[in-house]
Amino acid sequence: MSIPTPTAPPPDIVRCAYLDLVVTDLAASRDFYVDVLGLVVTYEDAEAVYLRSLEEFIHHNLVLRKGPVAAAAAFAYRVRSPEELDRAVAFYRELGCRVERRAEGFTRGVGDSVRVTDPLGFPYEFFYDVEHVERLAWRYDLHTPGALVRLDHFNQVTPDVPRAVRYMEDLGFRVTEDIQDAEGTTYAAWMRRKPTVHDTAMTGGDGPRLHHVAFATHEKHNIIAICDKLGALRQSDRIERGPGRHGVSNAFYLYLRDPDGHRVEIYTQDYWTGDPDNPVVTWDVHDNQRRDWWGNPVVPSWYTEASPVLDLDGNPQPVVARTDTSEMAVTIGADGFSYTRPEDDEDALPSWKQGEYKLGHQL
């Protein structure tokens, strides 16, 4: 069922701004995000830790909040002016969504804010008023070899990607890249407000769930430094996938899992998308370089595991199964195939690569 387009205009979103994340062991999560990854503590108490990246000037990019279930409580976007909050309320009320507004904000350091449960089941927040803090871009004495400088994007798991894309386009997002097959199935789409590849991506799967939150570094050597640090700390099992380079987005990447299993991507070197005629890049789901430009296989957990999301009362949202073909089944299922060159058939991969894309061979 398609989501109707509201007659009310959407709020003018500037960028993804922070993730409100519930964790079950606050001390362990603080150790991971601060001592290992180097995010900066803006404020903390017994119930929550507020973190920011080194180039950020708003109060936080990540809230770690202690709770009984590890889950995402809000995907927060900054809007262009205070008046956009009125637009957000009207837009989502017309869609019949639950809407809450708090003049004092939902988190420390953020003022007047609107939270909604959107038509896909995700908890979104929109805000403008925010406490400014010191931007640490010039504090090189605080920069680690793996310095995280910005929040880059979210990635959301949803069962019907075209339905999600149409709704996000109504919200003012634009598609930069997607993955499809010859039959017209869409497996994932990357969508942006700021002029990069994405502020969020819609990945096909059982949802609504959070696939990952991504922080940017300046260079790929920063990502390699993080891997070396994890190895030195005997925490290499935090590395789920990578390092490598994506075909989609062209970015260098690393996927980690935090103490609760929340997935974090470290990300760098994507490209400008701000021109009005920026072309959409569409990838064939059978192209094994779409997810990793070097052709390395994707571990099955990356396709199957993700974090729950909460409703506005803090309860986990029910998960709806995807009915369209899954990307995992097409890629590494028993009948899946992949190619490096489009003109090659499914047996053209060298023998040492063929088994990497078949789940049965992996097991």
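## A tour of the model, stop by stop

Start by selecting residues 15-129: this stretch is 19% helix and 41% strand, and its end C-alpha atoms sit 14 Å apart. Helices (H or I, at least four residues) and strands (E, at least two) are DSSP runs, numbered from the N terminus. Before you go on, know that this is a predicted model, where local features need pLDDT of at least 70 and side-chain atom pairs count only at pLDDT 80 or more, while totals for chains, interfaces and linings use all residues. Residues are numbered from 1 along each chain as its sequence is written, and side-chain values use heavy atoms, with hydrogens and water left out.

Now select residues 150-269. This span is 19% helix and 46% strand, with end C-alpha atoms 13 Å apart. In an unreviewed entry, UniProt puts the feature "domain: VOC" at residues 15-129 and 150-269. UniProt positions follow the numbering used here, feature names are shortened, and annotations may be inferred rather than shown by experiment.

**The largest pocket**

Next, pick Arg150, Leu151, Asp152, Lys194 and Thr196: of the 20 residues lining the largest pocket, these lie nearest its centre. Strand 1 (13-23), strand 9 (150-158) and strand 16 (263-268) each give two or more residues to that lining. A pocket here is an open set of points on a 1 Å grid over the protein atoms alone, where a 1.4 Å probe fits, with protein on both sides within 12 Å along at least five of seven lines; lining residues have an atom within 4 Å of a point. What kinds of residue make up the lining? There are 7 nonpolar, 4 polar and 9 charged. Ala, Val, Leu, Ile, Met, Phe, Trp, Tyr, Cys and Pro count as nonpolar, Asp, Glu, Lys and Arg as charged, and the others, Gly among them, as polar.

**Arginine 322**

Jump to arginine 322, in the loop between strand 18 (307-308) and helix 6 (327-332). Is arginine 322 buried or exposed? Arginine 322 counts as buried because its relative accessibility is 11%; buried means under 20% relative accessible area, exposed over 50%, and partly exposed in between (1.4 Å probe, protein chains only). Show the side chain and you'll find it reaching the backbone oxygen of threonine 186 at 3.3 Å. A polar atom of the arginine 322 side chain also lies 3.0 Å from the backbone oxygen of threonine 325.

**Serine 307**

Step over to serine 307, in strand 18. Its side chain makes a polar contact of 2.7 Å with the side chain of histidine 262. A polar contact is a pair of N or O atoms within 3.5 Å; within protein, one must be able to donate a hydrogen and the other to accept it, and residues adjacent in sequence count only if both atoms are side-chain atoms. Serine 307 is buried too, at 6% relative accessible area.

Proline 208 is in the loop between strand 12 (200-204) and strand 13 (209-216). The bond from glycine 242 to proline 243 is cis as well, with omega near 5°, and proline 243 belongs to strand 14 (residues 239-245).

Last stop: the loop between strand 14 and strand 15 (252-257), where you'll find serine 249. Serine 249 isn't a glycine, yet has a positive phi of about 80°. Asparagine 250, in that loop, has a positive phi of about 65°. Serine 249 is buried at 2%, whereas asparagine 250 is partly exposed at 38%.
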